[in-house]
Amino acid sequence: FAVKFYTEDGNWDLVGNNLKIFFIRDPLKFPDMVHSFRPDPVTNVSDPERQFDFFANSPEATHMVTFVFSPWGIPANYRQMQGSGVNTYKWVNKEGKAMLVKYHWEPLKVPIRNLTQKEANEIQAKNYSHATQDLYEAIERGDYPEWELCVQMMSDDEHPELDFDPLDPTKLWDAKRFPFMPVGKMVLNRNPENYFAEVEQAAFGTGVLVDGLDFSDDKLLQGRTFSYSDTQRYRVGTNYLQLPINAPKKHVATNQRDGQMTYFVDRAPEQNPHVNYEPSSIGG
């Protein structure tokens, strides 16, 4: 459940999940976790024993497993699905004071709905794009999906009164102690004109931030921040941030340039084209 905000200060990507927690808290486990989900490397056949072998030897995954194999595990469609930033982030004000924050997307117009395994089997036997089709058709008929963005907040310091680490992405924050506070609303009011250009090539990364938004010391979040942008450079291309769908609406010139598939030279109007560094006294 990823959202790209085109802000006045550049882009902010909020990259998350439909569930509010995750399987692991150590980023070094990420590749092994993905390997266990994939087919057997010899037979290329999916084998559930592989992932349960990983889970059985990673006890921190138990919380997420109980959600995945509960009625929450299979969203009925995108419109009736929750979203979450999963990890703990930080908000920092101009005085440098920080607050820990968790992000939650809650559907507004329709109730949350999930599928049983039997329902999912029947639907996907006939249409494996049912959620995409449902979203497209709802927007086309003017029934625009809406989500409320809520945050939970906590002071950025030690919390000996808690029996868990608030930076641990395998844990939930108690909504009674840290209530959901609504801060905004998202409405999907148009469909893409070209799915590949606007959806398939959309690229997200937890390191795409603006001033005032920051990472916490959550280890998994820091691991994601290293890996996601590298993944997009590999998946889409070196200059994926120059694609219209990924470029900020407000142009901010930098000295980053060149590389495969460069679309334009990103410099300021008054910048000396011979100087691609700063500080400089000759028009850089």
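**View 1. The lining of the largest pocket divides into 22 nonpolar, five polar and six charged residues.** Welcome to this predicted model; we start at its largest pocket, which holds about 1300 Å³ of space. Of the 33 residues that line this pocket, Ala2, Leu135, Leu188, Val199 and Phe204 are the closest to its centre. Strand 1 gives the most to the lining, with five residues. At least two residues each also come from helix 5 (130-140), strand 6 (146-155), strand 7 (181-187) and helix 6 (195-200).

**View 2. Strand 1 and strand 2 form a hairpin.** Here you can follow strand 1 (residues 2-7) as it pairs with strand 2 in the antiparallel sense, over six bridges. Two residues lie between the two strands. Look for lysine 4, which stands opposite aspartate 13 in strand 2. Six of the six residues of strand 2 (residues 10-15) are buried, so this strand is largely enclosed by the rest of the structure.

**View 3. The second largest pocket has a volume of about 830 Å³.** Its lining has 26 residues, and Leu241, Pro248, Thr254, Gln256 and Asp266 are the closest to the pocket's centre. By class, the lining has nine nonpolar, eleven polar and six charged residues.

**View 4. Valine 275 sits in the segment after helix 7 (219-235).** Valine 275 is buried, with a relative accessible area of 2%. Leaving aside neighbours within four places in sequence, valine 275 is in contact with Ser280, Ile282, Gly283 and Gly284. Alanine 253 is 22 residues away along the chain, and its C-alpha atom is separated from that of valine 275 by 13 Å.

Methods. Residues are numbered from 1 along each chain as its sequence is written. This is a predicted model: local features need pLDDT of at least 70, side-chain atom pairs count only at pLDDT 80 or more; totals for chains, interfaces and linings use all residues. Side-chain values use heavy atoms; hydrogens and water are left out. Helices (H or I, at least four residues) and strands (E, at least two) are DSSP runs, numbered from the N terminus. Buried means under 20% relative accessible area, exposed over 50%, partly exposed in between (1.4 Å probe, protein chains only). Contact means heavy atoms within 4.5 Å. Two strands pair if DSSP finds at least two bridges between them. On a 1 Å grid over the protein atoms alone, a cavity is a set of points where a 1.4 Å probe fits but cannot get out, and a pocket is an open set with protein on both sides within 12 Å along at least five of seven lines; lining residues have an atom within 4 Å of a point. Grid points are joined across faces, edges and corners, and a volume is the space filled by probe spheres set on the points. Ala, Val, Leu, Ile, Met, Phe, Trp, Tyr, Cys and Pro count as nonpolar, Asp, Glu, Lys and Arg as charged, and the others, Gly among them, as polar.
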